[in-house]
Amino acid sequence: QTAPAHASFTCDRTKPLSSITLPVAANYNTLNGITGTAAADADFVDIRMRRTSDLKYYQGGGVWDAAEKWVTVTGKTSWSLAYSAWTNSETYTVVSRVTDNAIPANVEDVSAKPGVTFTFDSPPLGKPVSVIAYPANGSRTNALTTIYGSCTDNIQVSKVEIRIKDM
């Protein structure tokens with residue numbers, strides 16, 4: 001008499017999740033790539049990276065094109081994509097997507113996932129410039145009711161500070 005056959009398996013219908021840990025929504029003047037994490041049962045992770053100025057997508061290998069493309073990154077639960085050829089004053093949006101190792105595979109639903117938007121602002125072109133217009137440099141006054149000037153940056157001026165020194 002033969003023993004009955006037994007099989008053990010798990011039915012996995014759960015969509016896996018991934019997240020981007022670097023960059024976060026901000027301005028960067030140095031950035032060596034994109035990093036993130038994914039579900040423990042990750043088989044592979046892809047990212048979709050888009051430039052805002054021309055709406056082109058990263059194709060891999062330093063190539064950008066109008067066709068939307070998902071690029072597979074290195075690693076699974078902890079993943080990365082090395083990239084350092086950012087364009088100065090450019091804004092990028094990156095979305096991650098994980099596929100798990102179930103058969104058939106479950107793919108993360110990214111339809112409502114906004115991704116991370118960041119701006120690359122590299123020196124020396126990206127340094128803000130400020131100019132004090134009044135009072136004039138080297139002038140002397142016994143009363144000061146107004147100080148004015150201007151500040152510019154190729155991205156956005158978030159704060160202007162002045163220092164007054166009593167001589």
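## Surface and source

The accessible surface of the protein chain comes to about 11500 Å². Carbon and sulfur atoms hold 52% of that surface. Areas come from the Shrake-Rupley method with a 1.4 Å probe; for residues, only the protein chains shown count as cover.

This is a predicted model: local features need pLDDT of at least 70, side-chain atom pairs count only at pLDDT 80 or more, and totals for chains, interfaces and linings use all residues. Residues are numbered from 1 along each chain as its sequence is written, and side-chain values use heavy atoms, with hydrogens and water left out.

## Strands and overall shape

The protein chain has 0 helices and 13 strands. Both are DSSP runs, numbered from the N terminus: helices are H or I with at least four residues, strands are E with at least two.

The C-alpha trace spans about 110 × 35 × 25 Å along its principal axes. The radius of gyration of the protein chain is 25 Å, while a compact globule of 167 residues would have one near 15 Å. This radius is taken over C-alpha atoms, and the globule rule is 2.2 Å times the number of residues to the power 0.38.

## Contacts and burial

A contact means heavy atoms within 4.5 Å. Take the contacts between residues at least 6 apart in sequence: 61% join residues at least 24 apart.

Of the 167 residues, 29% are buried. Buried means under 20% relative accessible area, exposed over 50%, and partly exposed in between (1.4 Å probe, protein chains only).

## The largest nonpolar core

A nonpolar core is a set of buried Ala, Val, Leu, Ile, Met, Phe, Trp, Tyr and Cys residues joined through side-chain atoms within 4.5 Å. The largest one has 23 residues, and I34, M49, W79 and W86 touch the most other members. At least two residues of this core come from each of β3 (33-38), β4 (42-51), β9 (78-82), β10 (90-100) and β11 (116-120). The largest share, 4 residues, is from β4.

W86 touches L31, I34, M49, Y92, F118 and F120, leaving out residues up to four places away in sequence. In soluble globular proteins, nonpolar side chains tend to be buried together.

P23 sits in the loop between β1 and β2 (27-28). P23 counts as buried because its relative accessibility is 0%. Beyond four places in sequence, P23 touches Y28, L31, G33, I34, V116 and F118.

R13 lies in the segment before β1 (18-22). R13 has a relative accessible area of 71%, so R13 is exposed.
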